[in-house]
Amino acid sequence: MEICPKCDSNMKNSVCIDCLKEEIVEWIGREEKHLVEIVEDVTEDLKLYKGKHFGCVFCNKKINLCEDCYKQEVYNTIREADSRLAEVFLSKFMKITPMIML
Ligand SMILES: [Zn+2]
Ligand SMILES: [Zn+2]
């Protein structure tokens, strides 16, 4: 079992952040095209975290972050730009209640 380097919980997801991003970008591109870039940017930033073992079921890249951490970061980022859209993101993509940051 691999531990998420950000939250120290077991990573249950089998999909990497790039592949998670695809789905989010497709949605946000229909909503607010200019926000595609910030989702791309936050995903790149999160690649600072290095995964070790698991291969993504879609692209076989290393999985470096758990799905919850990734979506939490994306949520925070969208929220800074557009709080209405952040709420839509929440109901559409997140099953957990996000921690409201600072
Ligand atoms: Zn995590
Ligand atoms: Zn992938």
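In which segment is Asp 8 found? My first point takes that up, and the others follow the helices and the core.

1. Asp 8 is found in the segment before α1. Please bear in mind throughout that this is a predicted model. The phi of Asp 8 is near 65 degrees, a positive value in a residue other than glycine. With 8 other C-beta atoms within 10 Å, Asp 8 counts as exposed, since the cut-off for that class is 12 or fewer.

2. Asn 60 deserves a look as well: this residue is not a glycine, yet its phi is positive, at about 70 degrees. You will find Asn 60 in the loop between α2 and α3. Asn 60 is exposed too, having 9 other C-beta atoms within 10 Å.

3. Next, the pairing of α1 and α2. Helix α1 covers residues 17-31, and its axis comes within 9 Å of that of α2, the two crossing at roughly 165 degrees. α1 is therefore roughly antiparallel to α2, because angles over 145 degrees are placed in that class. The crossing of these two helices is right-handed. On the α1 side, the contact is made by Ile 17, Asp 18, Lys 21, Ile 24, Val 25, Ile 28 and Gly 29, and on the α2 side by Val 36, Val 39 and Thr 43. Sorted by class, the contact of α1 with α2 has 6 nonpolar, 2 polar and 2 charged residues.

4. How does α2 meet α3? Helix α2 (residues 36-45) packs against helix α3 (residues 67-81) at an angle of about 145 degrees, and their axes are 10 Å apart. Here α2 passes α3 in a right-handed crossing. From α2, the contact draws on Ile 38, Val 39 and Val 42; from α3, on Glu 73, Val 74, Thr 77 and Ala 81. By class, this contact of α2 with α3 has 5 nonpolar residues, 1 polar and 1 charged.

5. Finally, the core. Which residues touch the most other members of the largest nonpolar core? They are Leu 65, Tyr 70 and Val 74, out of 17 residues in that core. At least two residues of this core come from each of α1 and α3, and α3 gives the most, with 5 residues. In soluble globular proteins, nonpolar side chains tend to be buried together.

6. Leaving aside residues up to four places away in sequence, Tyr 70 touches Ile 17, Leu 20, Leu 46 and Leu 65.

Conventions
Residues are numbered from 1 along each chain as its sequence is written. Chains are lettered from A and ligands numbered from 1 in the order in which they are written. This is a predicted model: local features need pLDDT of at least 70, side-chain atom pairs count only at pLDDT 80 or more; totals for chains, interfaces and linings use all residues. Axes are lines fitted to C-alpha atoms, for helices over the stretch in contact, and angles run from 0 to 180 degrees between N-to-C directions. Helices (H or I, at least four residues) and strands (E, at least two) are DSSP runs, numbered from the N terminus. A crossing is left-handed if the near helix is turned anticlockwise from the far one by less than a right angle, and right-handed if clockwise. Two residues are in contact if their C-beta atoms, placed from the backbone, lie within 7 Å. Ala, Val, Leu, Ile, Met, Phe, Trp, Tyr, Cys and Pro count as nonpolar, Asp, Glu, Lys and Arg as charged, and the others, Gly among them, as polar. Angles under 35 degrees count as roughly parallel, over 145 as roughly antiparallel, 65 to 115 as roughly perpendicular and the rest as oblique. A nonpolar core is a set of buried Ala, Val, Leu, Ile, Met, Phe, Trp, Tyr and Cys residues joined through C-beta atoms within 7 Å. A residue is buried if 20 or more other C-beta atoms lie within 10 Å of its own, exposed if 12 or fewer, and partly exposed in between; C-beta atoms are placed from the backbone.
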